[in-house]
Amino acid sequence: MISNISITGINQFKQSAVDSLHQAIVDVNGVELLPTVSLCHHCHSHVPAWRYHLDNKVYIVKHCATHGISHHMIESDYEFYSGIYYTQDNPRYNFNGGVLIEASDRCNLECPHCYHLPDNKIVDQPIETLLDQIKKLPLGINQVNRIILSGAEATLRPDFAELVTEIKSLDPDISVTVMTNGIQFGDHEFVKQVKASGLDGVNIGLNHPEYIDHHVVRRKQISAIENMHVENIPISYISYTMISLNEVHDIMTEICSNYWQAKNFRIRYGSDIGRNPGQERIFVSDVYKAIETWCRNNDKSFDRIIEADNNIYHIMARVENKDIRIIQWCDETDIDMEELRSGPWCDFVPDGVTNFLHQIIRRDVWKNQGLILPDTPPDRYKFNRNPHDTPLDLLNLSWSSNNHEPLV
Ligand code: SF4
């Protein structure tokens, strides 16, 4: 397979590549928008790309020195795209201080949309190793001020509470939260234990709506939310992933009809990352319109939250009095790095902390597919608490061909 050939050390960001992008847009009668950076879906190099619109749809055209030109839709509604407003000025919807790290490769569920692909044979890294990883981050109130323990399922670690305490002891300004499926938190004694450890909050993934009828899993997850409320542990978000837009009904009914307190709810549709190869690509406007239509048909208020970090991968809305983050991830074919110059940041793969979505795509290439990472991300896309507004110059990017062989 051509994707298994290791191609490294190529400077992708040349004038000839940029000229090819302009010509490719002319060839399809597209209207140019902005330059960006993407990944080649064959060799996974960072490559120059350019956005354009055509027939009320938005595309990127990208150029790989080895694999040539390709065009990919990034939003199915240009009018909708044009109305997306992005700001980092609202601290409620600014996630630039948080970095996710993987605390376990193991999991007690097998969700149909999982991007991680857990491996229950992998031994958890010692606490010291994770502390060393965290100490390398620029910790501080105005830098990385939140560590989000993720996995697979971080709470499966027998020393989870100790890990939280140890991270907190590194810097009193650091908050520690966990991204979890909630199962362990269904045990009230576990909740008391982690509260005593200093855990500052949880992000609960209710995951696939099928679990709504999954008696054991669902019951534990609901107990988890109740236990959080009893113990006053903040819930940053409760999230759902759909494999069909028909599931909007069950999800929205649940969100609108219960007493759960969460900073926000998150709804996304599956992506071709991890366990979903070949997943149908839909766009954030599709998910947004499905939820908006449900609200209209069910007599619920629906308003877009304008002052938020809205982009082509997520948009904040308010339904009744609940904040909902409407999400649709890209995949390795159509990733648009100019949309990913913000948190939540991630430290899953080598060569720098970058946006979560960029990291889970590179992690899938490296860990799940067993392919090479042929270069480093351009510095422009690495952790920055306050990313600057300087326009992208494709010919002056700082990157290197430092490559990483597959893990498997
Ligand atoms: S999505 Fe999360 S909870 Fe589900 S299998 Fe993957 S790691 Fe486990």
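Domain bounds here come from an automatic or database domain assignment. For the protein chain, that assignment gives domain 1 (5-83 + 335-404) and domain 2 (91-328). This is a predicted model: local features need pLDDT of at least 70, side-chain atom pairs count only at pLDDT 80 or more, and totals for chains, interfaces and linings use all residues. Residues are numbered from 1 along each chain as its sequence is written.

Start with the whole chain. The protein chain has 9 helices and 15 strands. Both are DSSP runs, numbered from the N terminus: helices are H or I with at least four residues, strands are E with at least two. Along the principal axes, the C-alpha atoms fill a box of roughly 60 × 55 × 40 Å. The radius of gyration is 21 Å, which agrees with the value near 22 Å that a compact globule of 408 residues would have. That radius is taken over C-alpha atoms, and the globule rule is 2.2 Å times the number of residues to the power 0.38.

Now look at the sheets. Strands of a sheet pair through backbone hydrogen bonds, either parallel or antiparallel. Here, two strands pair if DSSP finds at least two bridges between them.

Strand S3 (residues 57-64) pairs with S4 over 7 bridges. Within that pair, valine 61 stands opposite histidine 71 in S4. The loop between S1 and strand S2 (46-54) holds histidine 44. Histidine 44 is not a glycine, yet its phi is positive, at about 65°.

Strands S9 (residues 235-242) and S10 (residues 264-269) run parallel and are joined by 6 bridges. Isoleucine 238 stands opposite phenylalanine 265 in S10.

Return to the two domains. Their C-alpha centres lie 26 Å apart. Where they meet, 23 residues of domain 1 are in contact with 24 residues of domain 2. Contact means that the C-beta atoms, placed from the backbone, lie within 7 Å. On the domain 1 side, S4, helix H2 (78-82), strand S14 (345-346) and helix H9 (356-368) each give two or more residues. H9 gives the most, with 6 residues. The loop between strand S13 (322-328) and S14 holds proline 344. The peptide bond from glycine 343 to proline 344 is cis, with omega near 5°.

Of the 13 residues around the ligand, Cys107, Cys111, Cys114, Ala152 and Asn181 come nearest. A residue counts as near if its C-beta atom, placed from the backbone, lies within 6 Å.

Methods: Two residues are in contact if their C-beta atoms, placed from the backbone, lie within 7 Å.
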